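User: Can you walk me through this one? I want the overall picture and then some local geometry.

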Amino acid sequence: MPGFPNVRLANRPLHFIYLCDCSGSMAAQGKMQALNQAIRQSLPGMARVARDNPEARVLVRAVAFADEAHWHIADPTPVEELQWRDLQASGCTAMGSALKLVTQQLHTPPMEERALPPVLVLISDGQPTDDFDAGLARLMQEPWAQKAVRLAIALGHDADLEVLQQFIGPASGQQGERSPRRPLQASNATSLAQYIQWASTAVVGAASMPASRVGVAGDAGNIPLPDLPPTLMDPMDDVGPMVW
Amino acid sequence: MTWILPEGAWLQFEGLSSPVQVLRGLGGGTQGQVYEVAVGGDRLALKWYLPRCLQQDPHLEQRLLESIRATAPSRAFLWPIALLHPTPASRPLIRTTPAGFGYLMELRPAAFVGAVDHYGGRLAISLGHAVRACFFLAEAFHALHSKGLCYKDISLNNLFLESASGRILICDNDNVDVDGRDLGSVLGTPGFMAPEILMRRDRPGANSDLFSLAVLLFMLLTRHHPLRGQLELAIRCLDEPARRKLYGEDPLFIFDPEDPRNRPDPQEQGAALVTWPLYPAALQELFLQTFCAGMQHSDRRALTGQWMEALASTLDQRQTCPACGSEHFGAQASCWHCDQPLRPGDALSTARGRVQVCAGNELHAHHFDGLESPRLDQPLARVVAHPSDPTLLGLRNLSTEPWRASSAAGQQHAVAPGKTCNLAAFHQLFTPWGALRLEPASPDS
């Protein structure tokens with residue numbers, strides 16, 4: 001007996017794009033491996049969130065930038081089909097070129113007429129070596145980039161927080177306060193994994209299907225961002241952080 | 001996931017004589033995390049809050065304590081059983097500062113899956129069981145509202161279904177509050193929130209529950225959202241300001257008879273165009289009432305009791321297509337699945353009801369007594385097919401009392417509990433609740 005009518009559910013694409021720094025410094029202290037691991041480990045959770053949000057088609061891409069920028073995953077790939085190939089570190093930090101590549105893809109077409117806000121996650125451990133300002137200016141001319149949730153993760157202590165903040169947009173909250181509208185500072189592999197997991201699950205959830213609201217004033221922006229993962233007292237912290 | 005409570009740890013809580021062993025983490029969200037725990041000999045679920053959640057919701061503990069004292073409105077709620085504060089000795093084992101608190105509830109059985117699986121089309125469920133799930137949902141809210149309580153945040157995310165029975169479970173009962181008291185912080189979930197709550201003109205309560213309930217019922221019955229038609233397609237980027245417009249500033253039901261601006265697009269939003277016409281007018285009417293007059297007037301929304309009646313009556317009209325076996329509710333002239341013309345079938349007629357003769361349909365006390373409110377959990381009789389001849393239908397006595405059947409010739413037969421009476425052979429059936437007779441379909445209709 002046929003069951004419930006097999007109707008096609010209306011949905012919208014949600015483009016999730018990683019912009020990964022693959023400069024030579026990423027080879028030091030296992031940062032590149034830690035990033036590859038963090039992204040790979042986050043995929044099952046991301047697929048679960050995608051499954052729980054039938055009104056969204058979560059599609060993942062990745063740009064790698066070193067001496068120049070190139071698409072590491074060029075096709076918008078459904079998260080459940082994604083196989084993460086390891087990124088390799090060597091060269092400079094062509095962050096501006098990476099933004100240009102993303103700009104081309106956020107233009108309609110190829111970008112769809114209707115979509116959920118894209119999520120862009122920029123991960124870097126250093127300073128751009130090309131024209132970042134020009135790349136950012138071009139990016140921010142695209143309406144989809146303006147609507148996008150832009151997050152940045154700073155790896156280690158040499159990351160250029162100012163550049164990352166420019167990518168995110170105006171900061172909110174107190175100086176020094178942890179906020180999703182500021183660069184997320186990952187000082188070890190555990191916190192990197194937590195932030196990647198948060199971006200690929202909680203943020204994807206918030207951008208695709210709104211969560212419960214409490215009656216306190218939320219932060220500005222076109223998508224209220226979920227709370228950052230709590231700072232847990234990890235026993236690992238007591239033996240000293242894995243300093244980069 | 002990084003767990004706040006260490007898996008495997010034994011924790012002591014104030015006022016609890018036996019220690020609680022954390023067996024495994026089950027899941028987590030922005031509010032907190034849920035664990036499977038062992039307490040004494042029992043397996044239970046423990047929800048533990050994140051410090052930020054406790055900070056945002058200062059009255060949470062008071063509401064939980066009151067809910068625990070009030071006990072669950074019905075079995076459909078995974079209700080808080082006990083509030084747990086760690087003892088000073090156990091506090092250092094908890095990986096947040098402050099350690100906070102949590103509450104115990106029953107574990108959700110594995111057969112109950114998220115309602116989102118049904119909405120997403122991944123759950124094998126029959127139409128009849130989807131309607132039953134809706135009835136149980138309305139019944140649960142009826143019990144909750146009858147206790148003077150409100151839920152405030154019902155959405156697809158806190159409802160679970162058992163596809164084999166249509167039974168439901170409602171979790172996340174920690175926003176439950178006395179209606180009108182407003183001792184809580186939650187507003188609801190966009191898409192489910194009533195317009196007056198989303199626009200901050202009012203605070204959540206029983207009337208806004210009725211709106212959220214109707215949205216959820218509509219989604220379970222149609223696999224589409226009631227406000228997402230062409231007005232949604234006009235939006236390029238569906239973000240917070242767009243949702244505010246769609247659900248708050250200019251909310252318009254996709255089937256509003258007075259205003260066709262938001263009809264579903266057949267290409268992009270075809271689901272509702274297939275599923276909405278399946279349902280009887282009396283059920284559609286409650287959606288029209290809630291999403292048209294009730295959109296701006298919160299006191300004009302369909303009430304839980306009305307939903308229960310209309311959904312129970314929809315189940316009474318359940319039939320199957322003779323050609324393909326698809327279920328329908330007599331609302332359409334041809335089968336939604338195979339397009340075969342449909343004719344009304346025979347029905348069982350009682351003092352207060354009329355139930356189509358279709359295997360699986362049931363008779364309940366409310367079919368005999370107008371003072372009984374509808375319920376589905378204690379059927380008195382069920383239409384069943386003969387085990388070796390599926391075309392032969394009978395009525396099985398599910399009660400504990402014997403019935404008496406009379407044939408057209410006036411012969412009397414006893415139908416003991418558990419026995420089935422051939423529907424083709426009897427003229428009238430006498431039960432302790434009243435008589436019933438077979439009403440053949442009128443040949444000209």
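Predicted model: local features only at pLDDT ≥ 70, side-chain atom pairs only at ≥ 80, totals over all residues.

Analyst: Residues are numbered from 1 along each chain as its sequence is written, chains are lettered from A and ligands numbered from 1 in written order, and side-chain values use heavy atoms, with hydrogens and water left out.

User: Fine. How many helices and strands in chain B?

Analyst: Chain B has 11 helices and 24 strands. These are DSSP runs numbered from the N terminus: H or I of at least four residues for helices, E of at least two for strands.

User: How much of chain B is buried?

Analyst: 55% of its 445 residues. Buried means under 20% relative accessible area, exposed over 50%, and partly exposed in between, with a 1.4 Å probe and protein chains only.

User: Switching to aromatics. How many pairs?

Analyst: The structure holds 22 aromatic pairs over all chains. Rings of Phe, Tyr and Trp (its six-membered ring) pair if their centres lie within 6.5 Å; planes under 30 degrees apart are stacked, over 60 edge-to-face, and the rest tilted. The rings of Phe255(B) and Trp276(B) are stacked, because their centres are 4.9 Å apart and their planes at 10°.

User: Where do those two sit?

Analyst: Phe255(B) is in the loop between helix 8 (240–249) and helix 9 (270–275) of chain B, and Trp276(B) is in the loop between helix 9 and helix 10 (281–296), 21 residues apart. Phe255(B) is buried at 13% relative accessible area, and Trp276(B) is buried at 9%. Ring pairs link both into a cluster, with Phe211(B), Phe287(B) and Trp307(B) among the other members.

User: And Pro257(B), buried or exposed?

Analyst: Exposed, at 56% relative accessibility. Pro257(B) lies in the loop between helix 8 and helix 9 of chain B. Leaving out residues up to four places away in sequence, Pro257(B) touches Arg263(B), Leu288(B) and Cys292(B), where contact means heavy atoms within 4.5 Å. Pro257(B) and Cys292(B) are 35 residues apart in sequence and 8.7 Å apart C-alpha to C-alpha.

User: What does Gly3(A) touch?

Analyst: Not counting residues up to four places away in sequence, Gly3(A) touches Ile125(B), Ser126(B), Leu127(B) and Trp336(B). Gly3(A) is in the segment before strand 1 (12–21) of chain A, and is partly exposed at 28%.

User: Last topic, backbone. Which peptide bonds are cis?

Analyst: Pro109(A) to Pro110(A) is cis, with omega near 10°, and so is Thr97(B) to Pro98(B), with omega near -10°. Pro98(B) is in the loop between strand 5 (82–84) and strand 6 (102–105) of chain B.

User: What is the phi of Asp172(B)?

Analyst: Positive, about 50°, although Asp172(B) is not a glycine. Asp182(B) also has a positive phi, about 60°. Most residues other than glycine have a negative phi, and most peptide bonds are trans.
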